[in-house]
Amino acid sequence: MNNKRHAHSPQVPPTPRAPSLDPDTGKPVPAPASSETSGGPVASAASAASQGAVSELDAWKEHHLRLAAEYDNFRKRTTKERAETWATWARAQAEIVSRLADALDDLSRFAHIDPAEIDSKTLHEGVDLVERKVWKELENAGVTRIDQAGVPFDPNVHEAVTTQPAAKPEQDHTVGQVVQPGYKMRDTLLRPARVVVLTWQGQ
């Protein structure tokens with residue numbers, strides 16, 4: 001039996017479509033991607049997931065930049081406030097020194113007097129005058145001295161150096177003697193007063 005070969009007609013490739021031209025520029029307009037060339041629903045889902053990841057990354061970048069800007073503003077504001085505080089403190093110190101200038105001049109004059117040319121009474125009066133001048137200016141600046149005896153012992157302003165027996169019960173836990181005065185500037189303790197504290201022994 002003779003096998004007959006079937007003649008195959010040659011396949012002619014499809015004629016490509018002529019691209020559409022942009023009427024304004026005259027350039028070809030790309031054809032929209034079909035579902036076959038774009039990969040169909042799977043490719044669309046992958047593209048959407050990729051865009052979502054990019055959007056999340058952009059959000060994190062924006063958040064990071066916002067935090068960095070806020071920190072930079074905080075740092076600048078803190079530096080400015082610190083500089084202003086330092087300037088205020090320096091001005092206050094300069095004002096106190098200027099107030100004490102006259103008293104320091106008087107003290108210098110008395111310190112350089114020849115002892116043979118001045119009697120003890122004049123020297124005492126001069127030193128007393130300088131002390132009163134100094135304290136007048138310090139009190140104007142808000143400085144007070146802590147040097148009272150007979151008051152209740154206060155650990156916020158007193159430092160106990162030793163104790164002594166109290167003569168009566170009501171003197172218990174009170175200041176019997178001030179060994180070294182303390183100082184406050186308004187509400188700020190500059191130095192606690194060193195004191196002897198009385199304690200009742202119950203006798």
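**Close-up 1. Arg-145 and its salt-bridge partner in the predicted model.** Arg-145 has a relative accessible area of 35% and therefore counts as partly exposed, a class lying between buried (under 20% relative accessible area) and exposed (over 50%), as computed with a 1.4 Å probe on protein chains only. Its side chain meets that of Asp-147 in a salt bridge, with 3.5 Å from N to O; the term stands for a side-chain nitrogen of Lys or Arg within 4 Å of a carboxyl oxygen of Asp or Glu. Asp-147, at 38% relative accessibility, is likewise partly exposed. Elsewhere, salt bridges that share partners join Asp-72, Arg-75 and Lys-76 into one network, and the count of salt bridges comes to seven. This is a predicted model, in which local features need pLDDT of at least 70 and side-chain atom pairs count only at pLDDT 80 or more, while totals for chains, interfaces and linings use all residues. Residues are numbered from 1 along each chain as its sequence is written, and side-chain values use heavy atoms, with hydrogens and water left out.

Close-up 2. Glu-95 forms a salt bridge with Arg-99, their closest N and O atoms being 3.0 Å apart. The two residues are four apart in helix α2 (residues 40–111), so about one helical turn separates them; helices are DSSP runs of H or I with at least four residues, strands are runs of E with at least two, and both are numbered from the N terminus. Glu-95 is partly exposed at 41% relative accessible area, and Arg-99 is also partly exposed, at 29%.

**Close-up 3. The two faces of helix α3.** Gly-126, Val-130, Trp-135 and Leu-138 are buried in α3. Seen down the helix axis, the buried residues fall within an arc of 165°, taken from the directions from the axis to the C-beta atoms, and so they line one face of the helix. The face turned away from this buried side carries the exposed residues Lys-121, His-124, Lys-136 and Glu-139. Just after the helix, Gly-142 takes a positive phi of about 95°.

**Close-up 4. The surroundings of His-158.** His-158 lies in strand β4 (residues 158–165) and is buried, with a relative accessible area of 8%. Leaving aside neighbours within four places in sequence, His-158 is in contact (heavy atoms within 4.5 Å) with several residues, among them Ile-146, Phe-153, Val-175 and Pro-192.
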